[in-house]
Amino acid sequence: MNISIKNLNKSYGTEKIFENFNIDFYDDKINCIIGKSGCGKSTLLDIIAGLIDVQSGEISGVSLSDISYIFQEDRLIEWLTVKENLEIAFKRYFKDSTLENRIDEVLNLVGIYDTKNKYPNALSGGMRQRVNIARAFGKPSKVILMDEPFKSLDYKLKYAIIDEFKNLLDKEKRMVILVTHDLDEAIYFRGNIIVFNNRPVKIAGTFIENLDKCKEEILNII
């Protein structure tokens with residue numbers, strides 16, 4: 001399943017964010033969108049997720065029920081345990097023992113099963129983000145949208161969690177659309193890198209292979 005966006009138009013007042021904008025995202029790939037802050041990266045994710053209305057345009061290949069969204073903030077409910085947070089996210093898709101099993105499965109996948117009955121304020125930032133990732137993977141979605149989810153983590157922890165995330169993708173294939181402003185992070189994912197610039201948004205370049213060798217070229221056009 002590929003996602004195709006055609007002739008997208010989105011404005012805020014007189015400011016045009018997207019004007020007749022076209023882009024394709026590919027199945028079983030990590031599609032990394034990179035560009036300067038404020039260039040429209042997160043806006044595009046919100047449009048795909050149905051959180052923002054547009055003036056016109058067509059999005060094909062995905063429905064809202066196909067999507068999980070990992071935001072910059074973990075958005076956990078502080079007065080609920082980890083288990084209860086996941087129950088709220090999963091109960092639409094699983095029932096009774098199947099629900100319990102799915103929660104146990106995803107917590108084991110991200111290595112934090114022992115946090116199941118803890119409250120979010122008892123967790124470190126890295127553990128909270130692991131719960132965030134478990135919540136996205138636990139839903140039977142086909143597409144995971146990620147809006148700079150590693151932004152607040154220190155260098156070592158960020159890459160440890162990215163490695164875990166990539167291992168999850170090896171076990172359960174999903175399309176991923178990742179927004180980041182960190183080129184090293186995008187390269188580390190080893191997916192497709194799509195560079196945005198200007199407003200209305202333009203695709204300044206797409207890079208698929210030999211990403212390390214393309215680093216200087218990408219930096220020159222961001």
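The largest pocket here is lined by 16 residues, and Ile67, Ser68, Tyr69, Phe71 and Lys139 lie nearest its centre. Keep in mind that this is a predicted model: local features need pLDDT of at least 70, side-chain atom pairs count only at pLDDT 80 or more, and totals for chains, interfaces and linings use all residues. Residues are numbered from 1 along each chain as its sequence is written, and side-chain values use heavy atoms, with hydrogens and water left out.

**The two pockets**

- A pocket is an open set of points, on a 1 Å grid over the protein atoms alone, where a 1.4 Å probe fits, with protein on both sides within 12 Å along at least five of seven lines; lining residues have an atom within 4 Å of a point.
- The largest pocket has a volume of about 430 Å³, where volume is the space filled by probe spheres set on grid points joined across faces, edges and corners.
- β5 (67-70) and α4 (125-138) each bring at least two residues to that lining. Helices (H or I, at least four residues) and strands (E, at least two) are DSSP runs, numbered from the N terminus.
- By class, the lining of the largest pocket has 9 nonpolar, 3 polar and 4 charged residues. Here Ala, Val, Leu, Ile, Met, Phe, Trp, Tyr, Cys and Pro count as nonpolar, Asp, Glu, Lys and Arg as charged, and the others, Gly among them, as polar.
- The second largest pocket comes in at about 170 Å³, and its lining splits into 3 nonpolar, 1 polar and 7 charged residues.
- Among the residues lining the second largest pocket are Asp28, Lys29, Lys166 and Arg190. Helix α5 (residues 155-171) gives the largest share of that lining, 3 residues.

**The chain as a whole**

- You'll find 7 helices and 9 strands in the chain.
- The radius of gyration (taken over C-alpha atoms) is 18 Å, close to the 17 Å from the globule rule (2.2 Å times the number of residues to the power 0.38) for 222 residues, so the chain is as compact as a globular protein of that length.
- Its C-alpha atoms fill a box of roughly 45 × 35 × 30 Å along the principal axes.

**Helix α1**

- Helix α1 (residues 41-48) is mostly covered, with 7 of its 8 residues buried. Leu44, Leu45 and Ile48 are among them.
- Just after α1, Gly50 takes a positive phi of about 80°.

Methods. Buried means under 20% relative accessible area, exposed over 50%, partly exposed in between (1.4 Å probe, protein chains only).
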